[in-house]
Amino acid sequence: MDIELFDFNLPEELIAQSPAKKRDESRLMVVNKDTQTIEHKHFYDIIDYLHAGDVLVRNNTKVIPARLIGEKEETHAHVELLLLKQNENDVWECLVGNAKTVKVGTIVTFGNGELKAKCVEIKEEGIRMMQMIYSGVFYEVLDRLGKMPLPPYIQKQCEDNSRYQTVYARIEGSAAAPTAGFHFTEELFEKLKQKGVIVVDVTLHIGLGTFRPVKVKDVMEHHMHSEFYIMTQDTADVLNKAKQEHRRIISVGTTSTRVLESVMQKYGTFKACSDNTSIFIYPGYKYLAIDGLITNFHLPKSTLIMLVSALAGREFILKCYNEAVKERYRFFSFGDAMFIYGKEN
């Protein structure tokens, strides 16, 4: 499957550099994948497309200030780390800038030595396993020394870091935000609940699996990095009941989708569990868990545009994206949203 099949022309000025003034006032493209129709709305109109009994599944991961800039203890050379995933004993999987200079035993210091990171293992693609050395509570140290890990296409830090979090972010550990959730406000959730929409949470801590670019010509050869997820018993019970009663399950974002599909693929039902997933969804995949998806507009040739193409069809998704360009929608993390659904029961 040629990577060029997932390319489209995106003018640079359509890449959103800052969030909408009000979360739910961003635009919303409503896409019926079965009738192949497109409507142009605002995000607050999502309430008209969600019904009593629908289950909305969101990813409650919380972004940590995962970008650390320090220097090698011996040479004082500049080193940048992006914390990706926490392992046991304060060892973190990190993406390292200028990784060739970081060998086993290399120590990188941050701040005034308040935090040190020692390389304990070398992995491929610029990944290093780093042992964190500090006093006190790690996340408190990280709050003082780390920066929010905004995507490289966003050229300046947010004035308000809370805008690079969802309003329902709870569980710390993510190296990027589940950006489809940016459009929701507490007030909108309240209205949805009053309408009878059921809202549940899963957790997936976003790392390289979600945002690593595809560098191979044949999509099938792309290696997905694993990401840690959690599904609670309460969430599993709600989802299983919805399945039994043929009610719709709508995922908020590609990361929630990957949790739901991973669990369903592994167990054939929803189940309380925690695990790592490297699920890679592209056209030809048969969805087992979800009936609809709320998502942003994604990078050309990314695993994310492949995931939405698997749901709605590659040609139709590219038609939607070309329409979004024509209508001047805003793209990527701080951009506008799309709701993909099918014929309703």
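In this predicted model, the lining of the largest pocket draws at least two residues from each of strand 6 (78–86), strand 7 (91–96), helix 3 (208–211), helix 5 (254–267) and strand 16 (292–296), where helices (H or I, at least four residues) and strands (E, at least two) are DSSP runs numbered from the N terminus. Residues are numbered from 1 along each chain as its sequence is written, and side-chain values use heavy atoms, with hydrogens and water left out. Because the model is predicted, local features need pLDDT of at least 70 and side-chain atom pairs count only at pLDDT 80 or more, whereas totals for chains, interfaces and linings use all residues.

The space in the largest pocket amounts to about 990 Å³. A pocket is, on a 1 Å grid over the protein atoms alone, an open set of points with protein on both sides within 12 Å along at least five of seven lines, while a cavity is a set of points where a 1.4 Å probe fits but cannot get out; lining residues have an atom within 4 Å of a point. Grid points are joined across faces, edges and corners, and a volume is the space filled by probe spheres set on the points. Of the 45 residues that line the largest pocket, Pro151, Pro152, Tyr153, Ala176 and Phe211 lie nearest its centre. This lining comprises 27 nonpolar, 13 polar and five charged residues, with Ala, Val, Leu, Ile, Met, Phe, Trp, Tyr, Cys and Pro counted as nonpolar, Asp, Glu, Lys and Arg as charged, and the others, Gly among them, as polar.

Three cavities of 30 Å³ or more are found in the whole structure. The largest cavity holds about 90 Å³ of space, and its lining, which includes Arg23, Arg163, His183 and Phe334, divides into four nonpolar, four polar and two charged residues. The second largest cavity has a volume of about 50 Å³; ten residues line this second cavity, and Met224, Arg258, Thr303, Leu304 and Leu307 are the closest to its centre. Helix 6 provides the largest share of that lining, with three residues.

Aromatic pairs, defined by ring centres of Phe, Tyr and Trp (its six-membered ring) within 6.5 Å and classed as stacked under 30 degrees between planes, edge-to-face over 60 and tilted for the rest, number 21 in the whole structure. Phenylalanine 280 and tyrosine 282 form an edge-to-face pair, because their ring centres are 4.8 Å apart and their planes lie at 65 degrees. Phenylalanine 331 and phenylalanine 332 also pair edge-to-face, at 6.1 Å centre to centre and 90 degrees between the planes, and both are buried, that is, under 20% relative accessible area, with exposed meaning over 50% and partly exposed in between (1.4 Å probe, protein chains only).

Strand 3 runs parallel to strand 12 (residues 198–204), to which five bridges join it, and parallel to strand 14 (residues 249–252), with three bridges; two strands pair if DSSP finds at least two bridges between them. Leucine 56 has valine 199 as its bridge partner in strand 12 and stands opposite isoleucine 250 in strand 14.
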